Amino acid sequence: MSKQWYVIHTYSGYENKVKANLEKRIASMNMGDKIFRIIVPEEDEIEIKGGKKQVLKRRIFPGYVLVEMILTDESWYVVRNTPGVTGFVGSGNKPLPLTQAEAEEILKRMEGESPRIRLDVTPGEKIRVTSGPFQNFIGVVEEVNAEKAKLKVLISMFGREVPIELDYSQIEKIV
């Protein structure tokens, strides 16, 4: 049997605790040759709140932990009976491994170079432009494109509303 990635379900918010518990059990039960890596899938996210940037770690799959292991009755028992683990993801009692492509995609997403940006503005809210040619203009958010981290904003210029596109980093919310 070869090592494969399995997904275990945990109580939400206990992913890191499960990882620590499982690492201790692997060491104490001498399972290092069957259970190799334990990963809580996370990615960096920049949150812009009140005009301040903050880099946060965000769980990609809350309530789930990835375990790279060779599945045997013994390794299943160690993982399944770790405090905080509610079960393996699979059909019935049989754990199903991730495909190699699925595992690689998750690992690649975790190592992404540019963090995702999360902004707490919604269409209809007022913002101030903080940089660029429209610096200090006040506008109203018309559209939020979270995928591209861009906003479509209507600013008042020459006595009429003009739509402009801005990056998340170019604005601050007016409270």
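Charged residues and their contacts

Arg109 is partly exposed, with a relative accessible area of 35%; here buried means under 20% relative accessible area, exposed over 50%, and partly exposed in between, with a 1.4 Å probe and protein chains only. The model is predicted, so local features need pLDDT of at least 70 and side-chain atom pairs count only at pLDDT 80 or more, while totals for chains, interfaces and linings use all residues. Residues are numbered from 1 along each chain as its sequence is written, and side-chain values use heavy atoms, with hydrogens and water left out.

Arg109 pairs with Glu43 in a salt bridge whose closest N and O atoms are 3.3 Å apart. Arg109 belongs to helix α3 (residues 100-110) and Glu43 to strand β3 (residues 42-49), so the contact ties together parts that are 66 residues apart in sequence. A salt bridge is a side-chain nitrogen of Lys or Arg within 4 Å of a carboxyl oxygen of Asp or Glu. Helices (H or I, at least four residues) and strands (E, at least two) are DSSP runs numbered from the N terminus. Glu43 counts as buried, at 6% relative accessibility.

Strand β3 takes part in a further contact. Lys57 forms a salt bridge with Asp44, where the closest N and O atoms are 3.1 Å apart. Lys57 is in strand β4 (residues 52-59) and Asp44 is in strand β3, so this pair ties together parts 13 residues apart in sequence. Lys57 counts as exposed at 57% relative accessibility, and Asp44 as partly exposed at 32%.

In the salt bridge between Arg37 and Glu68, the closest N and O atoms are 3.0 Å apart. Arg37 sits in strand β2 (residues 35-39) and Glu68 in strand β5 (residues 64-69), so parts 31 residues apart in sequence are tied together. Arg37 is partly exposed, with a relative accessible area of 40%, whereas Glu68 counts as buried at 9% relative accessibility. Over the whole structure, a search finds 11 salt bridges.

Glu142, Glu143, Glu161 and Glu165 form a patch of negative charge on the surface. Strands β11 (138-145) and β13 (160-167) are the elements that give two or more residues to this negative patch. Patches are made of residues with over 30% relative accessible area and no salt bridge, like charges being joined within 9 Å and nonpolar side chains (Val, Leu, Ile, Met, Phe, Trp, Tyr) within 5 Å. Glu143, found in strand β11, is partly exposed, with a relative accessible area of 42%.

Key
Accessible areas come from the Shrake-Rupley method with a 1.4 Å probe; for residues, only the protein chains shown count as cover. Lys and Arg count as positive and Asp and Glu as negative; His and the chain ends are not counted. The place of a charge is taken as NZ of Lys, CZ of Arg, CG of Asp or CD of Glu.
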